[in-house]
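Okay, thanks for coming, everyone.

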Amino acid sequence: MSRELIDQQKIETALASLNRLPAGDWTFRDSKLHRKFVFDNFIQAMGFMMSAALVAEKMDHHPEWSNVYKTVEVALTTHSSGGVTQLDVDLAKQMKSLADLYGA
């Protein structure tokens, strides 16, 4: 998984791919990929976060995120590279798959 910055065109292509998936609301702002996941309840939100944490740890790539009740907000960037890399796109895809399992 590459930690090289990807250019604006590749970011737009990645967003188009991510947002083609059901309920895709990924955006790009402030040099980060952003998404808000809304679950049916707190337990689903926490289940998603725990599962995503395990995936992120295996990737050695950790999201900026916050949780309020059933909502999880995520921002992905590769801090060591100073912006979005393929690693962020790959984690976004994994998070989308996990969110589907937990009902977001």
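This is a predicted model: local features need pLDDT of at least 70, side-chain atom pairs count only at pLDDT 80 or more; totals for chains, interfaces and linings use all residues.

So, the accessible surface of this chain is about 5,800 Å², and 53% of that belongs to carbon and sulfur atoms. Those areas come from the Shrake-Rupley method with a 1.4 Å probe, and for residues only the protein chains shown count as cover. Residues are numbered from 1 along each chain as its sequence is written, and side-chain values use heavy atoms, with hydrogens and water left out.

Next, charges. There are 11 positive and 13 negative side chains, and the centres of the two sets are 4 Å apart. Lys and Arg count as positive, Asp and Glu as negative, and His and the chain ends are not counted. Each charge is placed at NZ of Lys, CZ of Arg, CG of Asp or CD of Glu.

On to the fold. You've got three helices and four strands, and along the sequence they run α-β-β-α-β-β-α. Helices here are DSSP runs of H or I with at least four residues, strands are E runs of at least two, and both are numbered from the N terminus.

How does the radius of gyration look for 104 residues? A compact globule would be near 13 Å and the chain has 13 Å, so the two agree. That radius is taken over C-alpha atoms, and the globule rule is 2.2 Å times the number of residues to the power 0.38. The C-alpha trace spans about 35 × 25 × 20 Å along its principal axes.

What about contacts, meaning heavy atoms within 4.5 Å? Take those with a separation of 6 or more: 65% of them join residues 24 or more positions apart.

Now the inside. Of the 104 residues, 38% count as buried; that's under 20% relative accessible area, with exposed being over 50% and partly exposed in between, using a 1.4 Å probe and protein chains only. The largest nonpolar core has 26 residues, and the ones touching the most other members are Trp-26, Leu-33, Phe-37, Phe-48, Val-72, Leu-76 and Met-95. Which elements each supply at least two residues of this core? They are α1 (8-20), β2 (32-38), α2 (42-59), β4 (71-76) and α3 (86-101). The largest share, seven residues, comes from α3. By nonpolar core I mean a set of buried Ala, Val, Leu, Ile, Met, Phe, Trp, Tyr and Cys residues joined through side-chain atoms within 4.5 Å.

Let's zoom in on a few of these. For the contact lists I'm skipping neighbours up to four places away in sequence. Leu-76 itself sits in strand β4 and is buried, at 1% relative accessible area. Among the residues Leu-76 touches are Leu-33, Pro-63, Leu-91 and Met-95. Pro-63 is 13 residues from Leu-76 along the chain, with 5.4 Å between their C-alpha atoms.

Then there's Ile-11, over in helix α1. Is Ile-11 buried or exposed? Buried, because its relative accessibility is 4%. Ile-11 is in contact with Ile-6, Phe-28, Leu-33 and Val-84. Thr-85 is 74 residues away from Ile-11 in sequence, yet the C-alpha to C-alpha distance is 8.6 Å. Also in α1 is Gln-8, which is partly exposed at 41%. Gln-8 and Val-84 are 76 residues apart along the chain, and their C-alpha atoms are separated by 9.4 Å.

Finally, the loops. Between β1 (27-29) and β2 you'll find Asp-30, with a positive phi near 55° even though it isn't glycine. Asp-30 is exposed, at 62% relative accessibility. Ser-31 lies in the loop between β1 and β2 too, and its phi is also positive, about 60°. At 40%, Ser-31 counts as partly exposed.

The loop between β3 (64-68) and β4 holds Lys-70, partly exposed at 30% relative accessibility. Lys-70 touches Phe-37, Val-38, Phe-39, Asp-40, Asn-41, Phe-42 and Ala-45. From Lys-70 to Gln-9 it's 61 residues in sequence and 33 Å in space, C-alpha to C-alpha. That's my tour, thanks.

Conventions
Contact means heavy atoms within 4.5 Å.
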